[in-house]
Amino acid sequence: GAAAPTSVPAITAINLGASAVNLRSAPDVNAAEAGLLNPQSSAIVLGKTADDQWVQVQVSDKPGQTAWVFAQLVQLSGPIASIPVVTP
């Protein structure tokens, strides 16, 4: 039989700052707000832009909804190189 695919632990984006970070509907600072990542909270990362500037996250309080966050505003739990590029 085929070998089971190895499960890669999900990378999370953690807001280590003192204030909430805006989540955006698209990877653009002028895009509509899609929620907030509160201080000391985290969101599962689903993808990133090709230039590593933005990461796409699962909105924790809205199942099934995704949003974008500027990568420099959060701490990633794993290497950004291992996050797949997604097209906004």
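## Overall fold

From the N terminus on, the elements of the protein run β-β-β-β-β-β-β. That makes 7 strands and 0 helices. The model is a predicted one. Its radius of gyration is 13 Å, close to the 12 Å that the globule rule gives for 88 residues, so the protein is as compact as a globular protein of that length.

Along the principal axes, the C-alpha trace spans about 50 × 25 × 25 Å. Contacts between residues at least 6 apart in sequence can be split by separation: 50% of them join residues at least 24 apart.

## Surface and burial

The protein exposes about 5,300 Å². Carbon and sulfur atoms supply 55% of that area. Of the 88 residues, 31% are buried.

## The aromatic pair

A search of the whole structure finds 1 aromatic pair. The pair is formed by the rings of Trp54 and Phe70, whose centres are 5.3 Å apart. Their planes stand at 65°, and because an angle over 60 degrees counts as edge-to-face, the pair is placed in that class. A pair of aromatic rings is described by these two quantities, the distance of the centres and the angle of the planes.

Trp54 lies in strand β5, residues 54-58, and Phe70 lies in strand β6, so the pair ties together parts that are 16 residues apart in sequence. The two partners fall into separate accessibility classes. Phe70, at 23% relative accessibility, counts as partly exposed.

Val74 is located in the loop between β6 (66-70) and β7 (75-76).

For one of them, Ala13, the separation can be given in two ways: Val74 and Ala13 are 61 residues apart in sequence, yet their C-alpha atoms are 5.7 Å apart in space.

Conventions
Residues numbered from 1 in each chain as written. Predicted model: local features only at pLDDT ≥ 70, side-chain atom pairs only at ≥ 80, totals over all residues. Heavy atoms only, no water. Helix = DSSP H or I, 4+ residues; strand = E, 2+ residues; numbered from the N terminus. Phe/Tyr/Trp six-rings, centres within 6.5 Å; stacked < 30°, edge-to-face > 60°. Buried < 20%, exposed > 50% of the residue type's maximum accessible area, 1.4 Å probe, protein only. Rg over C-alpha atoms; globule rule 2.2 N^0.38 Å. Contact = heavy atoms within 4.5 Å. Areas by Shrake-Rupley, 256 points an atom, 1.4 Å probe, with all protein chains shown as cover.
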